[in-house]
Amino acid sequence: MNYRVHITRPLPQIAVDLLEEAGYQVTVPNDDGLPSRDELLNSVKDARGILSILTEKIDKEVLEAAPDLKVVSNMAVGYDNIDVEAATSRGVAICNTPGVLTDTTADFTWALLMAVARRVVESDNYVREGRFQWWGPRLLMGTDVYGKTLGIIGYGKIGQAVARRARGFEMEVLYSGSTAPETSEWGRKVSQEELLERSDFVSLHVPYRRSTHHLIGAEQLNRMKKSAYLINTARGPVVDENALISALKNGDIAGAGLDVFEDEPKVHPGLCELDNVVLAPHLGSATVATRERMAAMAARNLIAVLEGKEPLSVVNPAVLR
Ligand code: GLV
């Protein structure tokens, strides 16, 4: 069973070790950079499994280039980079890594929220630029976080982990979402409209789908308080970036913390000009321990499918029956 498994980008060694121990021949590029489309298409030709990263578009063309393929195991909870319908129709299982990155991503959501509310990045620049001459009673004043209202759109594992953390800040938590539970220990379910109107911080935790494209656009931003902040650690295209930039420039909302972008990795130049925005290069799950857990889970999912066993998480279970 010397099947080949292709890993699309270098990732924690544990994934390679697990796959090799299971008897697979593993190929992985040496370079951290994005593989070109041709490189990707060539490298999957005789692969039985692909361990992919969210930057690789796994569409019909890639699936067709790999006629022996049985599984694409994405090292991410989101799988909007994969054409699941095309994979399902070819009998290819799609796996993802929910659970292992929940708390790490919730922590980072709070890092962005705190950073933008208390102007941490502006303060860091101020000190580094040698501008700190005296303590000033009006210097770099931010907004309080404790005791405020936090609105969470999308109340799955990560949304709930963000809500749990709000308790320490004595916040009221509102949440919304079509699949959100009716009740929760950490918050109260409301309509999205009420959430937008009442929240001081709005944090997005929905997956990206056709139905969540531009879930937050001009109309929703207009509903928010002028003093409110938008935090996005979900997926860029959930927010209409042009509408967001206008809202930030016009003072329709107070600021934003963004870990994801509409046309990633391109960042709209309009965002980079604004002081009331904190930007990060899609780091939600980026800790050493969590990336190791994700890599191991992705490898285990892939091995399980190839061995005819139940993977820990499969997106299209029908193909395994
Ligand atoms: C990261 O964005 C993920 O989906 O895991």
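Asn 316 sits in the segment that follows H12. With a relative accessibility of 6%, Asn 316 falls under the 20% limit and so counts as buried. Its side chain makes a polar contact of 3.0 Å with the side chain of Thr 88. Keep in mind that this is a predicted model. Below is a quick tour of the ligand site, the core, and a few residues with something to say for themselves.

**Ligand site**

- His 282 puts a polar side-chain atom 2.6 Å from a ligand oxygen.
- Arg 235 also uses its side chain, with a polar atom 2.7 Å from an oxygen of the ligand.
- Val 77 works through its backbone instead: an N or O atom there is 2.8 Å from a ligand oxygen.
- On its own the ligand has 190 Å² of accessible area, and the protein covers 88% of that.

**Nonpolar core**

- The largest nonpolar core has 53 residues, and Leu 19, Leu 51 and Leu 150 are the members that touch the most others.
- Helix H12, spanning residues 288–306, is the top contributor to this core, with 9 residues.
- Where does this core lie relative to domain 1 and domain 2? Domain 1 (4–98 + 288–320) and domain 2 (102–279) each supply residues to it, so the core lies between the two.
- As background, nonpolar side chains tend to be buried together in soluble globular proteins.

**Ser 89 and helix H4**

- Ser 89 belongs to helix H4, which covers residues 84–89.
- Buried or exposed? Ser 89 has a relative accessible area of 64%, which is over the 50% cut-off, so it counts as exposed.
- The Ser 89 side chain reaches back to the backbone oxygen of Ala 86, at 2.9 Å.
- Ser 89 and Tyr 79 are 10 residues apart along the chain, and their C-alpha atoms are 17 Å apart.

**Lys 225**

- Look for Lys 225 in the loop that links helix H9 (218–223) to strand S11 (229–232).
- Lys 225 has 28% relative accessibility; that is between the 20% and 50% limits, so the label is partly exposed.

- Which peptide bond is cis, with omega near 5 degrees? That would be the one from Glu 264 to Pro 265.
- Pro 265 is in the loop between strand S12 (255–258) and helix H11 (269–272).
- Arg 119 isn't a glycine, yet it has a positive phi of about 55 degrees.
- Arg 119 is in the loop connecting helix H5 (102–117) and helix H6 (120–128), and at 25% relative accessibility it counts as partly exposed.
- Glu 170 is another non-glycine with a positive phi, here about 50 degrees.
- Glu 170 lies in the loop between helix H7 (157–166) and strand S7 (172–176).
- With 63% relative accessibility, Glu 170 is over the 50% mark and therefore counts as exposed.

Technical notes
Residues numbered from 1 in each chain as written. Predicted model: local features only at pLDDT ≥ 70, side-chain atom pairs only at ≥ 80, totals over all residues. Heavy atoms only, no water. Polar contact = N/O pair within 3.5 Å; in protein donor to acceptor, adjacent residues only side chain to side chain. Areas by Shrake-Rupley, 256 points an atom, 1.4 Å probe, with all protein chains shown as cover. Core = buried A, V, L, I, M, F, W, Y, C linked by side-chain atoms within 4.5 Å. Buried < 20%, exposed > 50% of the residue type's maximum accessible area, 1.4 Å probe, protein only. Helix = DSSP H or I, 4+ residues; strand = E, 2+ residues; numbered from the N terminus. Domains from an automatic or database assignment.
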